[in-house]
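Work through the exercises below with the sequence and the structure in view. Each task is followed by a solution in steps.

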Number of protein chains: 2
Amino acid sequence: MLAIGDELLSGRTKDKNIGHLAEVMTVAGIDLKEVRIIGDEPHMIADTVNTLRRSYDLVFTSGGIGPTHDDITADAIAAAFGLPVIEHPEAIARLGSHYAAREMEFTPARRRMTRTPEGASLIDNPVSVAPGFRIDNVFVMAGVPSVFQAMLASLADTLPVGTPLKSRTIPCLFGEGDIGDPLSAIARAHPDVVIGSYPKFDGTGYFNEIVVRSRDEAALDDAASAVDAMLAAQASR
Amino acid sequence: MLAIGDELLSGRTKDKNIGHLAEVMTVAGIDLKEVRIIGDEPHMIADTVNTLRRSYDLVFTSGGIGPTHDDITADAIAAAFGLPVIEHPEAIARLGSHYAAREMEFTPARRRMTRTPEGASLIDNPVSVAPGFRIDNVFVMAGVPSVFQAMLASLADTLPVGTPLKSRTIPCLFGEGDIGDPLSAIARAHPDVVIGSYPKFDGTGYFNEIVVRSRDEAALDDAASAVDAMLAAQASR
């Protein structure tokens, strides 16, 4: 995923799309491998898109497809692919009828939202009409979270289906320092699962959750049982 | 910034450190230029740290410095620098006396938290003692937000001081499609400021904020006045 916007890097806006995409991908069985956040800089966007689309099967972007001068994502992605930017006919039709029905002017600014690299297909926007677009393996979506989420949902049927990673979360009353060594031994003994230990601090003390993940249900059960047994042994120490 | 952790990419944990660092950097006058989020993969961490530390003046990492087997950041960063990992004597002293005072065992797992690349200096952890570390221009901090924030605060005096970017936020009652064209003209006429337009959608309708940013106060005032005048003209249309 590539999240685009100066406002994310200044701290003015706290991203809400990365965590959402991560959850949707996990449910779909698609591994999210990397996220980058960069500003509204055309060359940086183009270079980063080129790096990511060549490294990964799918790339999702958020941000920079609105009607104002700082919305430069369509141009930057067209540049990345070496393609011209066009006003997409289907986007013109959708937005044109949307504004006509509301007796709103179809300003040049609003027409910016119809611009895509030549050959792109549209991504539906059930929230506010102005579409995202797909070009090759790059899915270009809005930064406003409600719109991003709606666009991602509209893609659900078109994405490849993977085997979802299953996980088991095991609450742990012991500190990581107490269970780190036996947990490490369990992780070594169960190479088909990924075991994570996630401490939290609530202001008064730490607590901890152990998460066991695998695409293989039997391996997951084995490893979770081993963690349960280790925690029971720890409790009786 | 580099945020490290499988749990961020699975959506299980929603990052809270990126937005915090972004705000702290903005106040300090340091431009945050890029953020990456990657999983607990040693080679990926080492490669990414090498890319970022050569591209930017400062690199801040979060995550992966606890006591469990999945905390591999110290090793990966040592590998990035081609340095051996040592048990840092000062970290041993701090954690040793911390556990001794609490009659807690200094387990091998807890000793993992003293490991740094050779030559690293420690970053204080006023919340839970186990330190972060700095090696060259890379600052390695915890992923637990309260600890990350405390570590970052303890660095404040050691970071370079830039000229903070000043900003003016102007509420806008008009849609981006209505003000996109005149706003674009203002942006072209004021090259020393950055003007952003940030639509929000609250479930019933859009509203918008225009943010003008500059390190030059006079240029900021000029551009903000131009935006105010444009909005007043729009209101009287």
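**Exercise 1.** State which residues of chain A UniProt assigns to the feature "domain: MoaB/Mog", and describe the helix and strand content there.

*Solution.* Step 1: the UniProt record, an unreviewed entry, places this feature at residues 1–162 of chain A; such annotations may be inferred rather than shown by experiment. Step 2: over residues 1–162, chain A is 43% helix and 18% strand, where helices (H or I, at least four residues) and strands (E, at least two) are DSSP runs numbered from the N terminus. Step 3: the end C-alpha atoms of that stretch are 18 Å apart.

The model is predicted, so local features need pLDDT of at least 70 and side-chain atom pairs pLDDT 80 or more, while totals for chains, interfaces and linings use all residues. Residues are numbered from 1 along each chain as its sequence is written, chains are lettered from A and ligands numbered from 1 in the order written, and side-chain values use heavy atoms, without hydrogens and water.

**Exercise 2.** Describe how helix α2 (residues 17–28) of chain A and helix α7 (residues 145–155) of chain A cross.

*Solution.* Step 1: the two axes (lines fitted to C-alpha atoms over the stretch in contact) come within 10 Å and cross at roughly 20°. Step 2: α2(A) is therefore roughly parallel to α7(A), a label for angles under 35 degrees. Step 3: the contact (heavy atoms within 4.5 Å) joins A:Asn17, A:His20, A:Leu21, A:Val24 and A:Met25 of α2(A) to A:Pro145, A:Phe148, A:Gln149 and A:Leu152 of α7(A). Step 4: by class, these residues are six nonpolar, three polar and no charged. Here Ala, Val, Leu, Ile, Met, Phe, Trp, Tyr, Cys and Pro count as nonpolar, Asp, Glu, Lys and Arg as charged, and the others as polar.

**Exercise 3.** Find the angle between α3 (residues 42–55) and α4 (residues 73–81) of chain B, and classify it.

*Solution.* Step 1: the angle is about 50°, with the axes 8 Å apart. Step 3: among the contact residues are B:Ile45 and B:Val49 of α3(B) and B:Ile77 and B:Phe81 of α4(B). Step 4: the contact has eight nonpolar, one polar and one charged residues.

Definitions and conventions
Axes fitted to C-alpha atoms, helices over the stretch in contact; angles between N-to-C directions. Parallel < 35°, antiparallel > 145°, perpendicular 65-115°, else oblique.
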